[in-house]
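Colleague: I'm new to reading protein models. Could you walk me through one, feature by feature?

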Amino acid sequence: WSQKTGHEIDLIIDNVKHLLPIEIKSGKTVNTDFFKNLEYWNKLSGEKKSLLLYSGTQFEKRSNGIEVMNWRESLK
């Protein structure tokens, strides 16, 4: 999904009841810029949950509804 304004989401999974936006990053360190498109999507869509996949080892659930996890772990 992308907009002319530059906002984009790498993957959106439609599980019938909700849309799950997923941002995929190759970096091993979480960067605040990683969250800007997910936060924009959540605000625009009203969804409460989204996922950031990256190469690092940290797993966290943030207060804004974004879960951060290693992309390899998400495949298990």
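Colleague: Let's start with Ser50: which side chain does Ser50 join in a polar contact?

Modeller: First, the ground rules: this is a predicted model, where local features need pLDDT of at least 70 and side-chain atom pairs count only at pLDDT 80 or more, while totals for chains, interfaces and linings use all residues. Residues are numbered from 1 along each chain as its sequence is written, and side-chain values use heavy atoms, leaving out hydrogens and water. A polar contact is a pair of N or O atoms within 3.5 Å; within protein, one must be able to donate a hydrogen and the other to accept it, and residues adjacent in sequence count only if both atoms are side-chain atoms. Here the partner is Asn42, and the two side chains are joined at 3.2 Å.

Colleague: And is Ser50 buried or exposed?

Modeller: Buried means under 20% relative accessible area, exposed over 50%, and partly exposed in between (1.4 Å probe, protein chains only). Ser50 counts as buried because its relative accessibility is 0%. You'll find Ser50 in strand β3; strands (E, at least two residues) and helices (H or I, at least four) are DSSP runs, numbered from the N terminus. Contact means heavy atoms within 4.5 Å. Not counting residues up to four places away in sequence, Ser50 touches several residues, including Leu20, Leu38 and Ile66.

Colleague: How do I spot charged pairs, and how many salt bridges are there?

Modeller: Side chains of opposite charge can pair when their charged atoms come close. The cut-off for a salt bridge is a side-chain nitrogen of Lys or Arg within 4 Å of a carboxyl oxygen of Asp or Glu. By that rule, the count is three. One links Glu60 and Arg62 at 2.4 Å, N to O. Glu60 is buried at 17% relative accessibility, and Arg62 is partly exposed at 33%. Another joins Glu23 to Lys25, with the closest N and O atoms 3.3 Å apart. Glu23 is buried at 0%, while Lys25 is partly exposed at 23%.

Colleague: What about Lys49: which side chain does Lys49 meet in a salt bridge?

Modeller: That's Glu67, at 3.8 Å, N to O. Lys49 sits in the loop between α1 and β3 and Glu67 in strand β5 (residues 66–70), so this pair ties together parts that are 18 residues apart in sequence. Lys49 is partly exposed at 46%, and Glu67 is buried at 17%.

Colleague: Where does Glu47 lie, and what does its side chain contact?

Modeller: Look in the loop between α1 (36–45) and β3 (50–54). For charges, Lys and Arg count as positive and Asp and Glu as negative, with His and the chain ends not counted. Glu47 is buried without a salt bridge, and the nearest side chain of opposite charge, Lys48, is 8.5 Å away. The Glu47 side chain does make a polar contact with the side chain of His18 at 3.4 Å, and also reaches the backbone nitrogen of Leu19 at 3.5 Å.

Colleague: One last thing, backbone angles. What is phi of Val16 near?

Modeller: Most residues other than glycine have a negative phi, and most peptide bonds are trans. Val16 has a positive phi, near 75 degrees, and isn't a glycine. Val16 is in the loop between β1 (11–14) and β2, and is exposed, with a relative accessible area of 78%.
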